[in-house]
Amino acid sequence: MTISDIDTARTPAPRPEGARARPPRPSSKPNGQWKIDGKAPLNGNEEWKQVDDGLSVRERIENVYAREGFASIDPTDLHGRFRVWGLYTQRKPGIDGGRTATLTPEELEDEYFMLRVRIDGGQLTTDQLRVIAGISTEFGRDTADLTDRQNIQLHWIRVEDIPEIWRRLEAVGLQTTEACGDVPRVVLGSPVAGIAADELIDPTPQIDEITSRFIGDPSLANLPRKFKSALTGHPSQDVVHEINDVAFVAVEHPELGIGYDLWVGGGLSTTPALAERLGAFVAPDQVADAWHGVAQIFRDYGYRRLRNKARLKFLLAEWGAEKFRQVLQDEYLGYELPDGPAAPKPRSQGDHVGVHKQKDGRFYVGATPIVGRVSGPNLAGLADLIEAHGSTRLRTTPHQKIVILDIPEEKVESLIAGLDELGLQARPSLIRRGTIACTGIEFCKLAIVETKAYATAAVLDLEERLKQFDLPHPIALHVNGCPNSCARIQTADIGLKGQLVTIDGEQVPGYQVHLGGGLVSKTRDEAGLGRTVRGLKVAADGIADYTERVVRRFLSDREGDETFAEWAHRADEEALQ
């Protein structure tokens, strides 16, 4: 690529309208942008955050609430500040999804917590994994879920046990600091950072600098909403960068060498928007400052009056990429970033499932549970298995998968056999490989529908029903218990959004269907959102029936090397029913 090529692409092409957020409508009311409107709080959330943004609640948890019990917790601490330390009250058992929207948080919640263990870059050791497993077994009734943001979540946690849990986590270098809340969340990183033979650059030093400098920084502990980050140095673009608030994707500049392409403003939820390139090249030693600049723009200019308009994507929709870049350079960096090229289309699958050679001649092995559901004993067994095969390192992925590193070639098959015994498959069906699910009604107060159990049953059923077919690629089946899209329904081949649906005149738990979405991959040139078909709903226990039907139709109607997503966008509505 020549400099003239870069200049031609100085202003990146705008996203299609459906993939962009819309800024708040013009109003005489201020939007709560600190640098424009001042810092006067415009809603209850902003009021309590200004009084105490949440970092200091740890002292109260350790010295008051853990000693005096759940009933002693201040309501604002419980429903606001606890989140900054990775804690949400979980859903009380037995409350059906039809009551989710009619009950108050106090009526929905149990006296137990979900605890999110923050795993920046997805990097774990077997010692750390064993500690998480022990906490799950001793304090969390053996629960554990791999999330699609590289974290591990535990349930059934009592406030009385939290200080001891923190002590154990921090003794091995783990934390829950800012795992939730209006703060910088976990930093996604390539699961094969530092070890992949085809890696452009190891982003670990940049991730470490960001987290060491800014996680727990009081100046960033009161953002308008959550702030999600991702970095990858791998050509598979394996960190779902298009749906993060800020992301850095490795590229090779023709004159400046290896660095990163800067993206901002992605996010899904009920108003999905794909991130946009700023057209700027960021050198490795500039990444932390550029990240900090974007975070400060969000803090200072983000909309705070309406929480449903408070993500960075709405500011980007008003400003556009060119203005955003200019403000970043002029007000926060103090220098101009050079123009840079876009990353080329990925050549490999970004979930890293299977056996792959490392740059040092050893191997890494990617394996999948079913929809991220694991357990304390399962994780303890995994730690033992990894060590028995000569390694102490593993990674979590943004696809609810596990990657085991540093395996000698002669031990690969033995490891795979051991993983199978733990319910972790390194050679899974393309249905199991592509299916993820959010927490669902079992624990989540926002959920309307169960997800993990229905998705698991569907995977097992579909593996039998479709075993005679040669699928051309993994079918991304994403199952979400509510409209908030934690399981990324709009960027799946088949995305299922939990809601109550009417089937044969009866209201039952089910899903609205999204079809043909996806992020950039070796089978997709650019990211795009799925389509919906009016009236297309599926009962919660009908996932396998619908998926079998639509996949069979795809295989029947497919033209050439067409992908499911390509077919879904051109197919008649009748074919998608």
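Reader: At what angle do helix α7 and helix α8 pack?

Author: Quick caveat: this is a predicted model, where local features need pLDDT of at least 70, side-chain atom pairs count only at pLDDT 80 or more, and totals for chains, interfaces and linings use all residues. Residues are numbered from 1 along each chain as its sequence is written, and side-chain values use heavy atoms, leaving out hydrogens and water. Helices here are DSSP runs (H or I, at least four residues; strands are E, at least two), numbered from the N terminus. With their axes (lines fitted to C-alpha atoms over the stretch in contact, angles from 0 to 180 degrees between N-to-C directions) 10 Å apart, α7 (residues 126-139) and α8 (residues 162-171) pack at about 165°.

Reader: So is α7 roughly parallel or antiparallel to α8?

Author: Angles under 35 degrees count as roughly parallel, over 145 as roughly antiparallel, 65 to 115 as roughly perpendicular and the rest as oblique. That makes the pair roughly antiparallel.

Reader: Which residues of α8 make the contact?

Author: Contact means heavy atoms within 4.5 Å. From α7 come Val-131, Ile-132, Ile-135, Glu-138 and Phe-139, and they meet Glu-164, Ile-165, Arg-168 and Leu-169 of α8.

Reader: Does Leu-446 count as buried or exposed?

Author: Leu-446 sits in the loop between β16 (435-437) and α15 (452-465). Buried means under 20% relative accessible area, exposed over 50%, partly exposed in between (1.4 Å probe, protein chains only). Because its relative accessibility is 54%, Leu-446 counts as exposed.

Reader: How far apart in space are Leu-446 and Asn-484?

Author: Leaving aside neighbours within four places in sequence, Leu-446 is in contact with Arg-91, Thr-100, Cys-482 and Asn-484. Leu-446 and Asn-484 are 38 residues apart in sequence, and their C-alpha to C-alpha separation is 8.5 Å.
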